[in-house]
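Please examine the packing of nonpolar side chains and the pairing of charged ones in the structure shown below.

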Amino acid sequence: MGTAIRMNLDRELTNRYFLGTTTNAEDEEIGVRIIEDMSFADEMSQAEIDLIEDYLEGGLTDSETELFEQQYLVSDERRERVREIALLKRYARGAQTSASVEPVAKNIPWFRRFTVLVPVFGLVIIAVIAGLLLVGDKGGSDYAQLNRQNLRDPSVIGNAQVVEITPGTYRSGTPGPVIVVGGDSPAVLFRLPLNFSVDPNTIYDASIDHDGRKVFTVDGVRLYMEGGTLEARVLAPREVLSTGTHHIRLVRRESDNAPVVYTFEIR
């Protein structure tokens, strides 16, 4: 769990979170726990469903209804979520009821955009899409597209295992500490700090090697500023990672510099 504080999940807190009235500290804490704690994410998913059902059934106060429409319904994804649950409820009741939602657009923090709910109605479709994206062909176009997106966004990285690796000494072929990577998640997000001064607009290409053979490549790796240090991020399917030692090589375009080498081991 890291250093996140344990919180008591109650309807008052979860409703305030989805309605946008929690404090900044509560927002950060809940956002981190959603990512790190799957059981907590499941509880938040159920709390989100309960709130939507209360909205559809008229169980919210006038002020809560206004907040729901202005704070929660801020994206097509969330509006579709409400529609799906409304359809499920209509099907269950056998009645012709529906929900009309016209939200007011508003910017929200990244942790409020995190999707904690997997609608039951779309579960099979989502599973198929997730399978194509995160367990797809080895290094195919799906992962090429994912690596061009914002790898800070939980909706992009999904439940990928996050691994930070120290680069080789002085950008030589001498590897840094070997990190053992293991787990059952379908993808691994490698965080690769650049421990030297570099222009944030510098373009690197990345490859993962195993036994002298490239098993995965990314053209045009994105750089991210974290704690004053630039880092590259590479999202790779776990299926390309075999047991043994691997090397990630960052090669700067239009430069004769030696590649930046990161070494890790799969067990």
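The report below takes up the nonpolar cores and then the salt bridges.

The model is predicted, so that local features need pLDDT of at least 70 and side-chain atom pairs count only at pLDDT 80 or more, while totals for chains, interfaces and linings use all residues. Residues are numbered from 1 along each chain as its sequence is written, and side-chain values use heavy atoms, with hydrogens and water left out.

A nonpolar core is taken here as a set of buried Ala, Val, Leu, Ile, Met, Phe, Trp, Tyr and Cys residues joined through side-chain atoms within 4.5 Å, where buried means under 20% relative accessible area, exposed over 50% and partly exposed in between (1.4 Å probe, protein chains only). The largest such core holds 38 residues, and F190, L192, I208, F216, L250 and F264 have the most contacts inside it. A second, separate core comprises 20 residues, among them Y17, I30, L51 and I52.

Salt bridges (a side-chain nitrogen of Lys or Arg within 4 Å of a carboxyl oxygen of Asp or Glu) number 15 in the whole structure.

| Pair | N to O distance |
|---|---|
| R33 and D37 | 3.4 Å |
| R81 and E48 | 2.4 Å |
| D205 and R253 | 3.0 Å |

Both R33 and D37 are buried, as are both R81 and E48. R253, by contrast, is partly exposed, with a relative accessible area of 40%.
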